[in-house]
Amino acid sequence: MKICLAGKGGVGKTLITGTLARLFARDGFEVLAVDADPNPNLAVSVGIPASDAFKITPLLRNLKLIEERTGVAPGSGWGVIFNVAPDVRDIVDRFSIRGPDGVNLLVVGSIDYGGAGCFCPETAFLKTLLAYIMAKGREVVLVDLQAGPEPFGRGVAKYMDAVIVVTDQSLKSISTAEKIFRLSKDLNVKRLMSVLNRVTNPSTEPIRVLEKIGFEVLGVIPFDESVIEADEKGLALIDYKTDSKALKAIREIYDKLLDILTKP
């Protein structure tokens, strides 16, 4: 099960990624959670103490490592020749961190400066690393992607079995989801699913719109003050309040996802 979570910024995909990782791990799966966001926060959502989480240096900010593996320093400009298939075989073992319930976390980061949408050493490293991770025999890989459709334009999501697009009820968020859907289809992603998060109005219209786009809607997560409280305290929701409305909804989404992806 190789799954990436995507969506507009601020819709809660990191919370959902971290919680799903813990739920899979509690059911005995070998889990690798990959933080591929330029503003990495997945460590806290997985349950690693904030004091430790904020000390982690994302791999794509490790300029020495990128230069070592691609032969070119990041930001060297256009027209340089670099290794488009760098050796990444040791990366997970060297840089992953063991979290609660046995979740392995790899903080990769992403490209967050202007003009980086084209192919560059960092993109080569990221695409090669994801391809290698997807080819290995780990049971579950969950990737928290950079917000917006940009990662799909770079093709870094094409190795996934499924894409889960997290959205809220806003038109901007659903519009971003539609763009991600189109780009995922271009990359031949096998399954395209969605989750509606932070719902305050129980209207069925957003679900209808998502289904019309073509998404398989996994579920709806209600707005929950517990999520904000856990975030303020630097705690994973699953550790902060086990009876929260949002956590209950994510558990139901997990059960449905597990049933879908483990069917013969």
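Predicted model: local features only at pLDDT ≥ 70, side-chain atom pairs only at ≥ 80, totals over all residues.
Student: Is Ile 81 buried or exposed?
Tutor: Start with its place: Ile 81 lies in the loop between helix H4 (63–70) and helix H5 (91–95). Exposed means over 50% relative accessible area. Ile 81 has 79%, so the residue is exposed.

Student: What distance separates the C-alpha atoms of Ile 81 and Pro 121?
Tutor: Along the chain, Ile 81 and Pro 121 are 40 residues apart.

Student: Is Lys 13 buried or exposed?
Tutor: Lys 13 belongs to helix H1 (residues 13–26). The cut-off for buried is under 20% relative accessible area. Lys 13 has 5%, so the residue counts as buried.

Student: Where does Asp 37 lie?
Tutor: Asp 37 is buried, with a relative accessible area of 10%. Strand S2 (31–36) is on one side of its loop, and helix H2 (42–46) is on the other. Asp 37 therefore sits, as a buried residue, in the loop between strand S2 and helix H2.

Student: Which residue's side chain makes a polar contact of 3.1 Å with the side chain of Asp 37?
Tutor: Asp 37 touches several residues beyond four places in sequence, including Gly 109, Asp 144 and Lys 13. The 3.1 Å polar contact joins the Asp 37 side chain to that of Lys 13.

Terms used
Residues numbered from 1 in each chain as written. Heavy atoms only, no water. Helix = DSSP H or I, 4+ residues; strand = E, 2+ residues; numbered from the N terminus. Buried < 20%, exposed > 50% of the residue type's maximum accessible area, 1.4 Å probe, protein only. Contact = heavy atoms within 4.5 Å. Polar contact = N/O pair within 3.5 Å; in protein donor to acceptor, adjacent residues only side chain to side chain.
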